[in-house]
Amino acid sequence: MNRQLLEGPGRHLESIHPKFIVELVLGIDNPRPGSVVPQQQLFREQLLKEVVSQVQLTPWAVSGTSGDNPAIRLRLAEKLAGMFDPGHLALTRMSQYLFSLQEKGRAPAELREQYGAVAGLFLQRAGHKQRALSQRGLMVYAGEHSDEVFTRWHAGSYDGWSLAGRCFIALEELRWGAFGDACRLANSEVRTLLKENLLTMASQYLAESISASPETRHFYHQWLASPTSASLMDYREMLGWQGSWCSAEKHPVSWSITQTWQTIALGMPRLCSAKRLVAAMLEEMFTDDMLAAPL
């Protein structure tokens with residue numbers, strides 16, 4: 001089938017599948033509020049079709065994943081997790097939620113048993129990942145992952161987004177992968193060091209994209225302007241979905257960068273440098289709460 005999202009704006013993004021799988025699981029017995037705008041609803045439906053086509057489920061299963069069929073959602077999440085190897089953050093978040101569903105006792109006994117079984121598998125895999133990360137060294141894994149993401153940024157893999165959007169995408173890639181897992185599992189000293197290094201690196205890359213120093217201030221619309229292309233809407237909707245956890249009040253900078261069909265948040269600085277933008281995004285995206293609950 002035509003995979004315009006996965007092979008278009010998503011072709012360089014490793015965070016799509018873990019985020020998608022977590023959304024599947026968190027959507028069980030927890031329907032999304034009716035606040036999703038029409039553009040995003042169409043995007044989600046298209047992304048669902050493209051991801052489902054990768055696992056070759058029968059046609060009747062597709063409608064179940066977008067509705068209220070928890071067994072199909074669970075089955076698809078388990079299959080996708082086996083194919084795409086989500087990180088410690090995604091596995092832990094899913095296991096916690098499934099265990100909570102099992103304890104609530106609202107579902108039939110057989111389904112609650114499935115919740116517990118899949119949650120146990122996810123938790124076991126999270127434990128394996130934690131041991132592997134710790135044995136080799138959290139700093140090593142974080143450094144390698146950071147190098148990979150910044151190499152893609154430098155090579156132009158994120159050029160379909162605005163300047164600030166490229167930075168947001170890079171940070172989301174890091175949060176969902178080994179870098180984010182290292183931040184989550186490390187002690188406070190190591191976590192602070194990782195975030196300081198990330199601030200320096202991301203500020204430099206973002207500043208270079210506008211041919212300025214990290215401290216040079218620019219009007220916000222220069223950071224937020226999207227490049228013109230035939231796939232502009234696909235890129236905008238992908239960015240909006242990646243930032244679907246944002247709220248204008250709690251995450252004004254990330255919200256303003258990603259929710260492009262909405263008005264700019266009051267907390268978004270109108271005149272800002274690359275360093276200030278990155279620092280704000282890090283503060284919104286790499287808090288303890290965000291590393292523990294990504295959606």
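## Helices, salt bridges and a pocket

Reader: Which helix holds glutamine 242?
Author: Glutamine 242 falls within residues 232–242. The model is predicted: local features need pLDDT of at least 70, side-chain atom pairs count only at pLDDT 80 or more, and totals for chains, interfaces and linings use all residues. Residues are numbered from 1 along each chain as its sequence is written, and side-chain values use heavy atoms, without hydrogens and water. Helices are DSSP runs of H or I with at least four residues, strands are runs of E with at least two, both numbered from the N terminus, and glutamine 242 lies in helix H12.

Reader: Is glutamine 242 buried or exposed?
Author: Buried means under 20% relative accessible area, exposed over 50%, and partly exposed in between (1.4 Å probe, protein chains only). Glutamine 242 has 1% relative accessibility, so it counts as buried.

Reader: Which residues does glutamine 242 contact, leaving aside neighbours within four places in sequence?
Author: Contact means heavy atoms within 4.5 Å. By that test, glutamine 242 touches Leu13, Ser15, Ile16, Lys19, Phe168, Ile169 and Glu172.

Reader: How far apart are the end C-alpha atoms of helix H4?
Author: The expected span of a helix is 1.5 Å times one less than its number of residues. H4 has 15 residues, 70–84, so it should span 21 Å. The model agrees, with its end C-alpha atoms apart by 21 Å.

Reader: Which residue caps the N-terminal end of H4?
Author: A polar contact is a pair of N or O atoms within 3.5 Å; within protein, one must be able to donate a hydrogen and the other to accept it, and residues adjacent in sequence count only if both atoms are side-chain atoms. Here a side-chain oxygen lies 3.3 Å from the backbone nitrogen of alanine 71. The cap is asparagine 69.

Reader: What is the phi of aspartate 85?
Author: Most residues other than glycine have a negative phi. Aspartate 85 follows H4 and sits in the loop between H4 and H5. Its phi is positive, near 50 degrees.

Reader: Which residue forms a salt bridge with aspartate 85?
Author: A salt bridge is a side-chain nitrogen of Lys or Arg within 4 Å of a carboxyl oxygen of Asp or Glu. The closest N and O atoms of this pair are 3.4 Å apart. The partner lies in helix H6, so the pair ties together parts 40 residues apart in sequence. It is arginine 125.

Reader: How many residues apart in sequence are the parts tied by aspartate 29 and arginine 106?
Author: These two form a salt bridge, with the closest N and O atoms 2.8 Å apart. Aspartate 29 lies in the loop between H1 and H2, and arginine 106 in the loop between H5 and H6, so the separation is 77 residues.

Reader: What is the volume of the second largest pocket?
Author: On a 1 Å grid over the protein atoms alone, a pocket is an open set of points where a 1.4 Å probe fits, with protein on both sides within 12 Å along at least five of seven lines; lining residues have an atom within 4 Å of a point. Points join across faces, edges and corners, and a volume is the space filled by probe spheres set on them. The lining has 23 residues, with Glu14, Asp85, Gly87, Gly177 and Ala178 nearest the centre. The volume is about 460 Å³.
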